[in-house]
Number of protein chains: 2
Amino acid sequence: MSVDTQQVRMAQALREAGYRLTQPRLAVLQVLQENEAGLNPEEIHQLGKTLCPSLGLVTVYRTLDLLAELGLARRLHSEHQCHSYASARTDRHYLICERCHRVIEFPCHGLDELLESVRQHTGYTINEHLLELRGLCPDCQENQAVQRNA
Amino acid sequence: MSVDTQQVRMAQALREAGYRLTQPRLAVLQVLQENEAGLNPEEIHQLGKTLCPSLGLVTVYRTLDLLAELGLARRLHSEHQCHSYASARTDRHYLICERCHRVIEFPCHGLDELLESVRQHTGYTINEHLLELRGLCPDCQENQAVQRNA
DNA sequence: TCCTTGTTGAAAGAACTTTTCAATAAACTA
DNA sequence: TAGTTTATTGAAAAGTTCTTTCAACAAGGA
């Protein structure tokens, strides 16, 4: 998909959701498009200023939120940083309840073939991985059911 | 493994690495042990003060770093927050180069059975997932080889 | 072109993390 | 066990990162 096509897609998405298409928003979008992934807000701001000199960092934050809302951008990591006690393993498997935010670790088998296939397709070596699942824990599923019936 | 066993393990790890075993460090460790996963530094601080009243937040941060260095604790999410341009999918698969920090997305098949097995073992429903792989991209592998030969 | 109102950028504020430094306490020595 | 050394601590200050506030601006409809 070309840059222009993407911009048209974004223009539509914005209008449909009742937002305006502005120069700062186009600049942020274009920076994201041209850099695939892995930019932080400050980097996006610096690159974006070459496209829209008046662009402010605040607008970058706001636009990233907006694009996320529209499903056009996505935060790479979860917003709340946590610490967990863990063994010396480098591989991490977390299961997070979206309602009560409880976090458990789970044993994970059967990922090896997947990793090998990724390695072959991309040429990357893979040293460690993080698999983070989000859903509802049994308690919250039950509470939700109770609430629906009430 | 019991709490006491863990403390002995930590005492050894600290001494072997040339660090001292202190009350604040024991308190942080014990809080992490008793709470499995998902605490932020401030929460650890509050809980830790019941075990070591003088415990300061700064020491919590320092101890978490130390425990991470010793392989006894682990940060749940990566420290640098990034944004990536993405489609509307809720499932995310990132491959991050640990050297040049390039991030690419990759197609991911074959995770479904794994998720189903996790669901059965834990009782959680799973709405979305994040699979983050870390390794070296082909370019950096090559550069590393060149450097070794130089 | 005018008007309405969503959007912007700067400054201030909030939240989170790190650095600095004098006081403290762990661990070694005698 | 008491004395000594030095890593460690907690408080305050500084540094980062992100959010809120608000007057000025510009997008898009009339």
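**Two helix pairings around H2(A)**

H2(A) and H4(A) sit roughly perpendicular to each other (65 to 115 degrees counts as that), because they pack at an angle of about 70 degrees, with their axes 10 Å apart. The axes here are lines fitted to C-alpha atoms over the stretch in contact, with angles running from 0 to 180 degrees between N-to-C directions. This is a predicted model, in which local features need pLDDT of at least 70, side-chain atom pairs count only at pLDDT 80 or more, and totals for chains, interfaces and linings use all residues. Residues are numbered from 1 along each chain as its sequence is written, chains are lettered from A and ligands numbered from 1 in the order written, and side-chain values use heavy atoms, leaving out hydrogens and water.

So who touches whom? On the H2(A) side, Pro24(A), Arg25(A), Val28(A), Leu29(A) and Leu32(A) meet a set in H4(A) that includes Thr59(A), Val60(A) and Leu67(A); contact means heavy atoms within 4.5 Å.

Now look at H2(A), residues 23-34, against H3(A), residues 41-49: their axes come within 9 Å and cross at roughly 110 degrees. Here Ala27(A), Val28(A), Val31(A) and Leu32(A) meet Ile44(A), Leu47(A) and Gly48(A).

Zooming out, chain A has six helices and six strands, taken from DSSP runs (helices H or I, at least four residues; strands E, at least two). Of the 150 residues in chain A, 43% are buried, meaning under 20% relative accessible area with a 1.4 Å probe, protein chains only.

Notes
Parallel < 35°, antiparallel > 145°, perpendicular 65-115°, else oblique. Buried < 20%, exposed > 50% of the residue type's maximum accessible area, 1.4 Å probe, protein only.
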